Amino acid sequence: MRGSAVHFATMPDTQAHATPAPTLDLLIVGAGFAGLYLLYRARRLGLKARVIEAAAGVGGTWYHNRYPGARVDIQSLEYSFGFDEALQQDWHWSERYAAQAELLRYANHVTDRFGLRDGIQFNTRLAGAQFDEAAQGWQAWSDRGERWSARFLLLAAGPLSTPNQPDFPGLADFKGRVLHTAGWPEQAVDFNGHRVGVIGTGSSGVQSIPVIAEQAAVLTVFQRTATYAVPAHNGPLDPELEAAVKADYPGFRARNRKMMGGFGSMLPPNMFPAHSVSPEQREELFEARWRVGGFGLLGAFNDLILNPQSNELAGDFVRRKIRQTVHDPVTAEALCPTHPIGCKRLCVDTGYYTTFNRPNVHLVDLQKAPIEHFTPQGLVAGGVEHRLDTLVLATGFDAMTGTVLRMDLRGRGGVSIQDKWRAGPLNYLGMAVAGFPNLFNLVGPGSTSAVTNVIVAIEHQVNWITDCIADLRSRGLRTIEATAEAEQAYVAHVNTVAARTIYLNCNSWYLGANIAGKPRIFMPLFGFPAYVDKCDDVVRQGYEGFVLA
Ligand code: NAP
């Protein structure tokens, strides 16, 4: 299991002394979509860059999340790179929502198409890095003691890359197989004849449960919080839609960049509030979007994310759907969520609720029957022992900060990132951290990543960062560092924006609420176009909020 404990490989002694000039311009950590595009851009700008990647291959989240049913929740035509017209014309997605294997093929295609593979060192995990005041760059080292010196350190390790493995009492005694959706084995797992338990009903649980149910002898789903799932209506990609998008792909991308989430221009939100129409019209409008499928349901009205009363109407609509779908009324009631819809990321499903009509599938409501402990044969919840051969943890991630906080990062004066982020992840523009010059963290706290189409967010941040680095280089400047005032104001802004929405009204991973002891701070910024404007404005104002030296 990756990232289950904080363990620092210490900096080799010989490192303690500054080396005068960094040998790399950029050290990039991670070969997911962000790392790949960073390397592409760096090379085009003539920067010397190296990527290190802990896994044996590219793809980031799509490398690790191989669980059955894993697929993207944003339409494939949108969830793909837009930086190269020939790439987006040549690549053909087979399904409306691509599955993990196709996404991984795409990541490998991008890698080889642009000749990036030789710039990536696999099976190499960054253990730590220290800002070297004399060299004005970063000294970095791996868990095996390899070292690099680079002017800039670019963390592209992903916002959802450290699995959350809850510490259930007695789990170590369980004799069956334990799998985590975010660390799934490469070989297909055979559930035939197995008694399987799945803990967790977020996106990973919702996608895997229907597929596992088809194979398992018995599937028991352990649900702590009921989830809202909207139908994907997945299927082969419509050739007419593909042709229409490809006829003007740049225009399509540009329209998506104007959307709050950086996607969804095919079904833009209705620009009127939920209470401005009659109940019958409202039902029709919700219904029309339910028939289309995907996240568009939340665009049925323009105030569903802002107004709790309007939000409740959308929640009621989905609860009615659940009650119509699930035959057993007790199970249906337990599956009905009570928190605001959209407050936790909406799940896009294929057959999730109908799965509970299968005779081999059982739901355990952990609100009523909490997990007490594991035994060698299974787990005890609410006084009942559930015998299991295989346990699937679909328990999510230590999101947005977990991966960075497992690194031994030290900025000016040796201040650690753990100290810096003790009360929450201070950052400026979702990229920079005061006291940590020349470090950019991609799609992390303060970025729009988690509430957008992450590829759109990645392309924007990579362009901004690499343009900035090229600009500094052309002006003979060596460092860029956020000011403490700018980051305080920025984090306050992110939370002010969130406070205007329903995002603070549930225990989501956006708030760090899924991890015991994590500071409760809303981490992603809602609203992609305003974020782009802010980043542009910062440049226009001569990198306002940064000190350049
Ligand atoms: P998640 O949304 O955080 O869901 C984790 C689930 O595990 C929740 O139901 C949670 O319950 C439960 N859980 C956690 N700790 C538990 C404990 N100690 N006891 C019992 N239950 C526990 O994680 P995820 O499903 O992996 O998804 C995370 C994010 O990854 C998604 O929101 C999405 O952004 C991304 N993702 C996307 C896709 C896709 O469709 N493309 C697929 C998978 C993931 P609580 O709700 O009560 O905390």
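**Entry 1: Gln136**

I started with Gln136, which is partly exposed because its relative accessible area is 23%. For my notes, buried means under 20% relative accessible area, exposed means over 50%, and partly exposed is in between (1.4 Å probe, protein chains only). I looked up where Gln136 sits, and that is the loop between strand 4 (126-132) and strand 5 (137-142). Strands (E, at least two residues) and helices (H or I, at least four) are DSSP runs, numbered from the N terminus. Gln136 isn't a glycine, yet it has a positive phi of about 55°. I jotted down that most residues other than glycine have a negative phi.

Before going on, I noted that this is a predicted model: local features need pLDDT of at least 70, side-chain atom pairs count only at pLDDT 80 or more, and totals for chains, interfaces and linings use all residues. Residues are numbered from 1 along each chain as its sequence is written, and side-chain values use heavy atoms, with hydrogens and water left out.

**Entry 2: Met400**

I then checked Met400, whose phi is positive too, near 70°. I found Met400 in the loop between strand 16 (390-393) and strand 17 (408-410). Met400 counts as buried because its relative accessibility is 4%.

**Entry 3: the ligand**

Which residues come nearest to the ligand? Of the 25 around it, I got Ser204, Gln207, Arg224, Thr225 and Lys344. Here a residue is near a molecule or strand if one of its heavy atoms lies within 4 Å of it. I sorted the shell into ten nonpolar, ten polar and five charged residues. In this scheme Ala, Val, Leu, Ile, Met, Phe, Trp, Tyr, Cys and Pro are nonpolar, Asp, Glu, Lys and Arg are charged, and the others, Gly among them, are polar.

An oxygen atom of the ligand is 2.9 Å from an N or O atom in the side chain of Gln207. A ligand nitrogen is 3.0 Å from a polar backbone atom of Arg71, and a ligand oxygen is 3.3 Å from one of Ala394. On its own the ligand has 900 Å² of accessible area, and the protein covers 88% of that. The areas come from the Shrake-Rupley method with a 1.4 Å probe.

**Entry 4: helix 5**

Helix 5 (residues 203-215) bends by about 35° at Ile209, with Pro210 following within four residues. The bend is the angle between axes fitted to the seven residues ending at a residue and the seven starting there. Among the buried residues of helix 5 I listed Ser204, Gln207, Ile209 and Pro210.

**Entry 5: cysteines**

How many disulfides does the structure hold? I found one, taking a disulfide as a pair of cysteine sulfur atoms within 2.5 Å. It joins Cys343 and Cys506, with the sulfur atoms 2.2 Å apart. The link is left-handed, at -100° about the S-S bond. Cys343 sits in the loop between helix 10 (329-335) and strand 11 (347-349), and Cys506 in the loop between helix 14 (484-499) and helix 15 (528-540), 163 residues apart. Cys343 counts as buried, at 0% relative accessibility, and so does Cys506, at 7%.

Cys347 is in no disulfide, and the nearest cysteine sulfur, that of Cys506, is 12 Å away.

Notes: Polar contact = N/O pair within 3.5 Å; in protein donor to acceptor, adjacent residues only side chain to side chain.
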